[in-house]
Structures are given as structure tokens and as C-alpha cells.
Amino acid sequence: MKIGSIDIEENGVFIIAELSANHNRSIENAIETIRAAKRAGADAIKLQTYTADTITIDSKKDDFKITQGTIWDGKYLHELYQKAHTPWDWHPKLFETAAQEGLICFSSPFDPTAVDFLETLHVPAYKIASFEITDIPLITYVASKGKPMILSTGIANEEDIELALAACRNAGNNQIALLKCTSSYPAPVNEANLQMIPDFADRFGIIPGLSDHTLGITVPIVATTLGARIIEKHFILDKSIGGPDASFSLDEYEFAEMVKAVRDAESALGQVTYELTEKQKNSREHSRSLYVVADVEEGQKITPENVRSIRPGFGLHPKHYAEVLGKSFCTKAAKGTPLQWKIIN
């Protein structure tokens with residue numbers, strides 16, 4: 001599965017900076033946020049492509065009021081999305097800026113018209129947001145475009161995931177990543193359930209990753225050690241500009257710290273090998289071996305009093321200790337002589 005020039009399975013962890021509503025209705029903020037994401041080490045910038053009218057309707061009925069204990073409680077859906085959306089006429093400029101910065105740019109579409117619009121911008125991949133994972137007609141239409149599919153699972157149970165994956169595969173699209181996500185804003189660390197990342201890979205045969213709404217960078221680091229190949233985190237130029245997602249987004253300094261920590265974590269994972277590095281081989285000189293620890297004469301028996309396993313490692317391997325006890329020295333040897341077969345009868 002490749003997104004742009006990046007092979008998601010072969011390259012390092014694919015790190016996505018989520019712009020979301022963090023432009024706070026300023027295209028200048030959006031452009032500078034993209035540039036800051038590049039400086040912070042992101043591989044990609046992700047937008048959200050919708051309008052208030054393509055994602056919901058303008059209604060003041062109770063069904064449309066947010067009351068789930070979120071940071072947006074009391075607002076109506078249309079009101080929130082009117083404020084949070086990224087205007088479609090900004091998209092070409094944002095894609096152009098990302099390309100100039102060497103960042104991959106793609107988006108989450110929220111209805112078929114958004115998909116059609118994004119196709120004109122030649123997006124290299126699509127992201128299905130957590131709350132759209134049950135929209136099987138939308139997933140089917142997006143998957144039919146043949147681009148890599150990244151699906152967040154923040155509100156999904158197992159059946160929802162299976163239906164979404166089937167929709168992709170029935171459309172002939174097997175380029176699929178599933179992101180473990182907790183749809184709380186911010187999300188408590190103890191609800192991250194990162195053990196699901198390797199389970200996603202085993203159970204569903206997809207590329208696993210993380211879409212993270214926790215505060216800080218601990219969860220992305222742990223996700224990396226559990227096999228996440230994609231990490232997505234909300235990114236903001238400066239939290240002081242405010243906006244609907246500011247409180248659970250990382251600024252440039254924090255995001256850069258996350259990128260460094262993720263890169264260090266994947267570097268530390270390394271590979272399964274029992275071969276020693278040159279430094280490790282040199283360090284073996286300070287391991288234990290058998291040494292003469294008291295002056296001895298020719299013909300004297302080897303005993304625990306005159307031969308011991310000590311550091312450094314230039315004598316016989318300690319595994320020979322029981323074997324040499326009771327044998328005789330064939331020459332005299334001074335204290336500090338490494339025990340060798342040539343001085344033993």
C-alpha cells in the first residue's frame with residue numbers, strides 16, 4: 001500500500017498532521033499550519049472536506065444538539081460544522097502549498113460530492129472519519145476510486161468494522177488501513193486500548209495504525225511499539241488561536257517531539273538478530289572468564305582458591321569451570337593469568 005511515494009508497510013511510520021478546524025477560519029493560518037507541519041516532521045497533512053449542509057441539516061430539534069459530554073456540548077451540529085469546515089475554494093491552494101513543502105496532502109470526504117471534488121485534486125488516498133464508518137454507501141463510493149483507504153474506528157464495534165471492510169473489498173479495493181481511535185475529545189489514556197492495534201492486523205488482515213485524541217505523546221510511542229504503521233494526530237499552529245479542536249491538538253514543538261519519539265521508538269525496535277555489533281563484541285572483553293587468582297606452581301591442583309570466574313573475559317569460558325577443577329597446572333602461573341588449556345595437564 002503506497003500513499004504518494006511512501007510505501008506504508010516498508011517505510012517508517014507514516015505520520016499525519018490533521019488540520020481539521022485548526023485554521024480557525026483563516027486561510028493564512030491554514031497555509032502556515034501546513035508549513036509548520038513540514039518543519040515538525042510530518043509526512044502528510046490531512047484536511048476534512050465537507051460543508052455544514054453536506055454533513056447535516058440546519059435544525060434546532062433536540063436530535064441535532066450536542067449533549068454527549070463533549071467540549072462542544074450545547075452547540076447544534078450545523079452551527080459547529082459551519083464554524084469548523086474548511087472552505088472548498090481553499091483546497092487547491094492548500095494542496096499546492098503541501099506540494100511545495102514536500103508533504104502528501106489528502107482528505108476525509110463526508111459525502112459523494114466531496115469525493116467528486118477531491119478527485120479533481122488528484123488525492124493520493126482517502127480517510128474515512130470515525131463517525132462515517134457506518135456510512136456504507138459512502139465507503140463503497142470512496143473505495144471505488146481505487147485509492148488507499150484509511151478508516152478510523154472511534155465509534156465502531158466489530159460488526160461495523162467488518163461491514164466497512166467488506167464494502168471496500170466488494171468495490172475491488174484491498175488497500176486498507178484501520179486506525180485504532182477513541183472518539184473522546186480529549187481521550188483518556190486508559191481508554192486507548194492499544195492492544196487492538198496488533199489484533200486489527202491479525203483479525204482483519206489490514207495495515208494497522210492509530211488516530212490519537214489523547215493529550216501528550218505517550219500513546220503514539222506505545223502504538224509504534226505495537227506495530228502501528230500510521231499515526232495521525234491533530235496539529236495546530238498555535239493553541240492561542242483557539243478553535244473547536246485546539247484543546248486536544250499538538251503545536252509545532254509538541255508535534256516535533258512526538259515525531260522524534262516515534263522515530264526513536266521504531267529505531268529501538270530494530271530487528272530479531274543474535275549477531276553482535278562491533279561494540280558488543282568489544283564489550284565482551286569485560287565479561288567473565290576463568291583466571292588464576294593466586295600464584296601457583298607447576299603440578300599444583302586447580303582449586304576454587306586459585307581459579308575463579310571473574311572479569312575480564314580473556315580466559316577460558318566459565319562453562320569449563322567444573323571440568324578444570326582437580327586438574328594440574330603444567331607450569332607455574334602468576335596471579336592474574338588468564339586460564340588457558342595450554343597451562344593445564
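Is the crossing of α6 and α7 left-handed or right-handed? The crossing of these two helices is right-handed, where a crossing is termed left-handed if the near helix is turned anticlockwise from the far one by less than a right angle, and right-handed if clockwise. The structure is a predicted model, in which local features need pLDDT of at least 70 and side-chain atom pairs count only at pLDDT 80 or more, whereas totals for chains, interfaces and linings use all residues. Residues are numbered from 1 along each chain as its sequence is written, and side-chain values use heavy atoms, with hydrogens and water left out.

Two packed helices are described by the angle between their axes and the distance between the axes. Helices (H or I, at least four residues) and strands (E, at least two) are DSSP runs numbered from the N terminus. Axes are lines fitted to C-alpha atoms, for helices over the stretch in contact, with angles running from 0 to 180 degrees between N-to-C directions. The axes of α6 and helix α7 (residues 158–170) cross at roughly 35° and come within 8 Å. In this pair, I136, I139, T140 and A143 of α6 meet L163, A164, A167 and C168 of α7, contact being defined as heavy atoms within 4.5 Å.

The contact involves P112, V115 and D116 of α5 together with L138, Y141 and V142 of α6. Five nonpolar residues, no polar residues and one charged residue form the contact of α5 with α6. Helix α5 passes α6 in a right-handed crossing.

The crossing of α1 past α4 is right-handed. On the α1 side, I27, A30, I31, I34, R35 and K38 meet K93, L94, T97, A98 and E101 of α4. The contact of α1 with α4 comprises six nonpolar, one polar and four charged residues.

In soluble globular proteins, nonpolar side chains tend to be buried together. A nonpolar core is here a set of buried Ala, Val, Leu, Ile, Met, Phe, Trp, Tyr and Cys residues joined through side-chain atoms within 4.5 Å. The largest such core has 57 residues, and I45, M149, L151 and F255 have the most contacts inside it. Helix α1 (residues 27–40) contributes the largest share of this core, six residues. Apart from it lies another core, of 15 residues, including I6, I104, A177 and I230. Leaving aside neighbours within four places in sequence, the contacts of M149 include I139, V142 and A143, as well as C168 and A177.

C105 lies in strand β5 (residues 104–109). C105 is buried, with a relative accessible area of 6%; buried means under 20% relative accessible area, exposed over 50%, and partly exposed in between (1.4 Å probe, protein chains only). Beyond its neighbours within four places in sequence, C105 is in contact with I45, L47, F95, A98 and P124.

A cis peptide bond joins Y185 and P186, with omega about 0°, and P186 is placed in the loop between β8 (176–181) and α8 (196–204). Another cis peptide bond joins R311 and P312, with omega about 5°; P312 lies in the loop between β12 (307–310) and α12 (321–324). Phi of N24 is near 50°, a positive value in a residue other than glycine. N24 is located in the loop between β3 (14–18) and α1 and counts as partly exposed at 24% relative accessibility. For H122, phi is near 60°, likewise positive in a residue other than glycine. H122 is found in the loop between α5 and β6 (126–128) and is exposed, with a relative accessible area of 67%.

Notes: Nonpolar A, V, L, I, M, F, W, Y, C, P; charged D, E, K, R; others polar.
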